[in-house]
Amino acid sequence: MQNINAFDHAETILKVLAKGAFLTTAAGGRHNTMTIGWGALGNIWGKPVFTVMVRHSRYTHELIEAHNEFTVSFPLTAAFSKALGLCGSKSGRDMDKFAAAEITPAEGQTVKVPVIKGAGLHLECRIVEKREMAPENFDKAMADRWYADKDWHTYYTGEITAAYLDK
């Protein structure tokens, strides 16, 4: 692994995120990954952070609520396209997504949550703040578009404890 400054790779992180990245969580001996296309890289409270959003209905929400860490793996090649599709459309409640998507977990460096082996770029995060969306404060047109089913997100802001590239 080659340790990096996440901000030096911000353009890559945001470009890849728009196509899909893997958000991985773990708790109680279980782990799960899901595809995300939304997130934010920033500097808050004097710390590098990455913020992810997870809908209440997702299995990932259950796991991330039980543990204060997550990882985000950004696939730098098209080899992960099929896995991103599966992990964005199936639930870890019903299957082992790692086996079904033919992806391999690799041990994190600073957290007890795995990364996706070979994806390319990884962020390991410790949750420093979580926030429930407040529907009454949300733009109505956007709410109608993204939350017609009222399945709101929780925001998780994680301090980036490690950022690295696969060698």
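Biologist: Let's start with the largest pocket. What volume does the largest pocket have?

Modeller: Its volume comes to about 400 Å³. Keep in mind that we are looking at a predicted model.

Biologist: How many residues line the largest pocket, and which lie nearest its centre?

Modeller: The lining has 21 residues, and those nearest the centre are Met34, Thr35, Arg55, Arg58 and Gly88.

Biologist: Which element gives the largest share of that lining?

Modeller: That is β3, with 4 residues. At least two lining residues each come from β3 (30-36), β5 (47-55) and α2 (59-66).

Biologist: And how do the lining residues divide into nonpolar, polar and charged?

Modeller: There are 7 nonpolar, 9 polar and 5 charged residues in the lining of the largest pocket.

Biologist: You mentioned α2. Which residues are buried in α2?

Modeller: Tyr59, Thr60, His61, Leu63 and Ile64 are buried there. The elements covering the buried residues of α2 include β2, β3, β5, β6, β9 and β10.

Biologist: Okay, on to the nonpolar cores. Which residues touch the most other members in the largest nonpolar core?

Modeller: Phe50, Phe70, Val72, Phe74 and Leu123 do, in a core of 24 residues. At least two residues of this core are supplied by each of α1 (10-19), β2 (21-27), β3, β5, β6 (69-75), β9 (120-132) and β10 (153-165).

Biologist: What does Val72 touch, leaving out residues up to four places away in sequence?

Modeller: With those left out, Val72 touches Ala21, Phe22, Leu23, Ile36, Phe50, Val52, Leu121, His122 and Leu123.

Biologist: Now Pro75. Where is Pro75 found, and is it buried or exposed?

Modeller: Pro75 is in strand β6. It counts as buried because its relative accessible area of 8% falls under 20%.

Biologist: What surrounds it?

Modeller: Not counting residues up to four places away in sequence, Pro75 touches Val16, Gly20, Ala21, Phe22, Phe80, Leu84 and Ala119. Pro75 and Lys19 are 56 residues apart in sequence, and their C-alpha atoms are 9.3 Å apart in space.

Biologist: Changing topic: how many disulfides does the count come to?

Modeller: The count is 0 disulfides. Cys87 is in no disulfide, and its nearest cysteine sulfur belongs to Cys125, 18 Å away.

Biologist: Last one, backbone angles. What is phi of Trp45?

Modeller: Phi of Trp45 is near 55°, which is a positive value in a residue other than glycine. Trp45 sits in the loop between β4 (40-44) and β5. With 55% relative accessibility, Trp45 counts as exposed because that is over 50%.

Biologist: And what about Glu102, what is its phi and where is it found?

Modeller: Phi of Glu102 is near 55°, again positive in a residue other than glycine. Glu102 is in the loop between α4 (97-101) and β7 (105-106), and at 70% relative accessibility it counts as exposed.

Notes: Residues numbered from 1 in each chain as written. Predicted model: local features only at pLDDT ≥ 70, side-chain atom pairs only at ≥ 80, totals over all residues. Heavy atoms only, no water. 1 Å grid on protein atoms, 1.4 Å probe; cavity = no way out; pocket = protein on both sides within 12 Å on 5 of 7 lines; lining within 4 Å. Points joined across faces, edges and corners; volume = space filled by probe spheres on them. Nonpolar A, V, L, I, M, F, W, Y, C, P; charged D, E, K, R; others polar. Core = buried A, V, L, I, M, F, W, Y, C linked by side-chain atoms within 4.5 Å. Buried < 20%, exposed > 50% of the residue type's maximum accessible area, 1.4 Å probe, protein only. Contact = heavy atoms within 4.5 Å. Disulfide = S-S within 2.5 Å.
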